[in-house]
2 protein chains.
Amino acid sequence: MVRLAAPMITTPSDQQDAAARRFAFAAADRDAVYRAIHRRRDVRLFRDEPVDDELLARVLTAGHHAPSVGFMQPWSFLVIRSAETRARIKELYLRERQAAACFFDEPRRSQYLSLKLEGICEAPVNVCVTCDPTRAGTQVLGRNSQPETDVYSTCLAVENIWLAARAEGLGVGWVSILKTGEVRDILGIPPHVVPVAYLCIGWPVDLPPRPMLQDAGWRDRVPLRDVLRGEHYGIDGAALDAAELDARRVSADHPAMPEGLSAAR
Amino acid sequence: MVRLAAPMITTPSDQQDAAARRFAFAAADRDAVYRAIHRRRDVRLFRDEPVDDELLARVLTAGHHAPSVGFMQPWSFLVIRSAETRARIKELYLRERQAAACFFDEPRRSQYLSLKLEGICEAPVNVCVTCDPTRAGTQVLGRNSQPETDVYSTCLAVENIWLAARAEGLGVGWVSILKTGEVRDILGIPPHVVPVAYLCIGWPVDLPPRPMLQDAGWRDRVPLRDVLRGEHYGIDGAALDAAELDARRVSADHPAMPEGLSAAR
């Protein structure tokens, strides 16, 4: 990925390189995938235009094609359009938000209470993504050592939904300020099924370049170097971080991606 | 999303529609995102060409730009290239695989043992994705009602890595047949940090159109209709499923996407 111009003479090494990379997307297509990733936001302000079923089905199908442990596909997608149901979820959110505020000291508490953290009633559709640990029986290939991988798989489906929605121009917001027991009661979810994510989906009023919590000064983006580790957790990832800085230099031509790495090249 | 040709006369409703959809990607870019999603596979057979640091940094930066509860960014990425470390992880895998086989009856047991489920030593790089629940202090915005959302966020980072890798032509395989305690010991991960995913990354020998477990007859793709629910868990998602079938008809022009919905239109 270092070579920017095609070499004039192909060597056996070049040929090997090309063979290895034969599944790579064309540059424009790869950039589109990075754009979905880097320009995805948690959306809480929605326009009132509806989201039609065909579009929603396309986005949920993207979720259904997530990886899953033992190919168990443990997720279900509850599609909630009823204003009454959404109002009940909103009421639950409001209580949880007040309860959570008790754990912040001022001035953090007031800031927390001033933030718009959901669009439950404004978004035309809400989707609750659940995980049924019994979907593929009791013995699931790959789940024996880490039972929680069924829920992990369900989270991967959520990210697929989020990125497909971004490409479609839809906004998604994840509301985690809800207790799962109450969500189960309102939506009739059986006790053994885990409500993993409650999503608000609709047409966004805006998709700002940076996360709202970053713009609000709630918390900064952690530098990449701080999350990179070497062979061992105690070893920092300095070498890789230097590579990231090189890549960032290349991406200076992409002012549309101000943060970190964009679709470099 | 139903209109395939531009209308000759724009009405106020069309204008509203266009305004709502102004963040949508161009068709080719949207299709690229769907292609990454639908053509992603769990890869266990790798070529021996190396993966350079700049490319790996670009892929891990995609992970770092995942959504996270309270913008806590709880993940770390351990980059493991040492053959010795990978051999220790492989040894752990082999024991776990034998143990897991005890829970399957024949002929399932023999089939399980015949499947290639990892490429730990063949892949040039392994990445362990961890979650540090203390990354943003004890009180995290949005985590009060669902403490597990930090691990959920880490899973979203895994899917970003997987999809960015797919666009780059790289293969990723998630090895879940490992106990987290032993992974912690080998990689020096502190007791409070959760090893969420152990990934093998490299240039794939192949990226087949369907998941290996599906092709091997281990388990079928669940029909979309079976994972769709209405307002309530007990209500099926028949209406949406009909929309999916419509979309599938549109996508019949895309034979490259044989399963379910592709980038329709």
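Begin by selecting chain A, where you will find 10 helices and five strands, helices (H or I, at least four residues) and strands (E, at least two) being DSSP runs numbered from the N terminus. What you have open is a predicted model, in which local features need pLDDT of at least 70, side-chain atom pairs count only at pLDDT 80 or more, and totals for chains, interfaces and linings use all residues. Residues are numbered from 1 along each chain as its sequence is written, chains are lettered from A in the order in which they are written, and side-chain values use heavy atoms, with hydrogens and water left out.

With chain A still selected, note that 59% of its 265 residues count as buried, meaning under 20% relative accessible area with a 1.4 Å probe and protein chains only.

Now select A:I186, which lies in helix α7 (residues 180–187) of chain A and is buried, with a relative accessible area of 12%. Which residues is A:I186 in contact with, leaving aside its neighbours within four places in sequence? They are A:T85, A:R88, A:I89, A:L92 and B:H232, where contact means heavy atoms within 4.5 Å. Finally, pick the C-alpha atoms of A:I186 and A:L92, which are 94 residues apart along the chain and separated by 9.7 Å.

Technical notes
Buried means under 20% relative accessible area, exposed over 50%, partly exposed in between (1.4 Å probe, protein chains only).
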